Amino acid sequence: NIVLLGSTNTFNPIKITMFKINFVLTVTLLFIPLLNYAQYTDQINSNRPGETMSAFAVGKSVIQLETGAYGISQKHHLLNYVTNGYGIDATIRYGMFMEKLEFIADIQYQSQLYEARLITMDQKALKQTILGAKYLLFDPFKNQEKKVNVYSWKVDKSFKWKQLIPAVSVFAGANITSANNPYHFSSKAGISPKVILITQNHFGDGSWVFVTNTIADYIGTEFPSYGYAVTLTKGLNKNWSGFIENQGYKSDFYSDLIVRSGAAYLVTEDLQLDVSASASLKNTPSIFYGGIGFSWRYDGNYQEIRTPIEEEVINVKKEKIKKKKDVVKRKSKKKFPVVAFVT
């Protein structure tokens, strides 16, 4: 529709204006994936029922509760003691200040009966109280626009080497320990740092998710602990997902290796139910526990984040729609000759 100098075509300013609008709209749409991204997803993104922490935050102003109950049984084959009990854990995640940042409160309460030779103890206490924050350092999806190959399903679903580049986050927080806690190595109350390096990969069409946590816990205390956790999750369909997990930690106070598996069911966009089972790979002590839980989020205060260029695109769209409506109105107002019928 562009009129060139020397052309015999008639100059049409309306066509020129429409071309400019289409050009600006096309260019701005192409650049949107490079300029904006968000942590928020349409469906809830929970860390349950595994123990690893995901790299991405819940989204600014979004609050999320992840909680559940479990039963636990332990038997130590050398010290000849047995414990049976139950526990409740709850994690509250809140996105604040920016999309990359979330604050986390992680609390776990456990009650158990400890039985050994001539000894029986009823133990009840907060097994874990952690306060901290997680920040996304690197997002490989930030500047990536997913393009669908409409000509080849095989090419579209094939492995892409860029998927080996993980998203990277860091968690920094503190353990808060009460005095005379039966689950801790020290009888004194105290606060000790905890740091986690988090990576997350998405493979295939995104239904495979691989998360790793490298953990330094109780830093600066008499018995610091170091460990890892790796989780592989598979989305089975739009509602069901399953996972397998391996967790290990080592300290002079306690070391163990745990394997874990389970499934989650998406009830609504903001509610997820889950079930899981865990077992240790050694018998000093042997541990088995299973649990059920749910994750729920409130995103009523979430506002879509837009860059100035996105606002410009929206304004261009509105202007284009307005012009079309004006054209329709002008056509509808065309005058037709009046025909009089004389009787």
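How many salt bridges does the structure hold? The structure holds 10 of them, a salt bridge being a side-chain nitrogen of Lys or Arg within 4 Å of a carboxyl oxygen of Asp or Glu. Side chains of opposite charge can pair when their charged atoms come close.

This is a predicted model, in which local features need pLDDT of at least 70 and side-chain atom pairs count only at pLDDT 80 or more, while totals for chains, interfaces and linings use all residues. Residues are numbered from 1 along each chain as its sequence is written, and side-chain values use heavy atoms, with hydrogens and water left out.

**Stop 1: Arg48 and Asp274**

Select Arg48 and Asp274, whose side chains meet in a salt bridge of 2.9 Å, N to O. Arg48 sits in the loop between helix H1 (13-35) and strand E1 (63-76) and Asp274 in strand E11 (residues 271-280), so the pair ties together parts that are 226 residues apart in sequence. Helices (H or I, at least four residues) and strands (E, at least two) are DSSP runs, numbered from the N terminus. Both Arg48 and Asp274 are buried; buried means under 20% relative accessible area, exposed over 50%, and partly exposed in between (1.4 Å probe, protein chains only).

**Stop 2: Lys194 and Asp217**

Next, select Lys194 and Asp217, a salt bridge with its closest N and O atoms 3.9 Å apart. Lys194 belongs to strand E6 (residues 190-203) and Asp217 to strand E7 (residues 208-217), so this pair ties together parts that are 23 residues apart in sequence. Lys194 and Asp217 are buried.

**Stop 3: the network**

Now select Glu66, Arg93, Glu102 and Lys134, which salt bridges with shared partners join into one network. Within this group, Arg93 forms a salt bridge with Glu102, and their closest N and O atoms are 2.9 Å apart. Arg93 counts as buried because its relative accessibility is 1%. Glu102 is also buried, at a relative accessible area of 0%.

**Stop 4: strand E7 and its partners**

Show E7 with E6: the two pair in the antiparallel sense over 9 bridges, where strands pair if DSSP finds at least two bridges between them. Pick His202 to find its bridge partner in E7, Val209. The hairpin of E6 and E7 has 4 residues between the strands, and Gly204 there takes a positive phi near 65 degrees.

Thr214 stands opposite Tyr228 in E8.

Is E7 enclosed or exposed? In E7, 7 of the 10 residues are buried, so the strand is largely enclosed by the rest of the structure.
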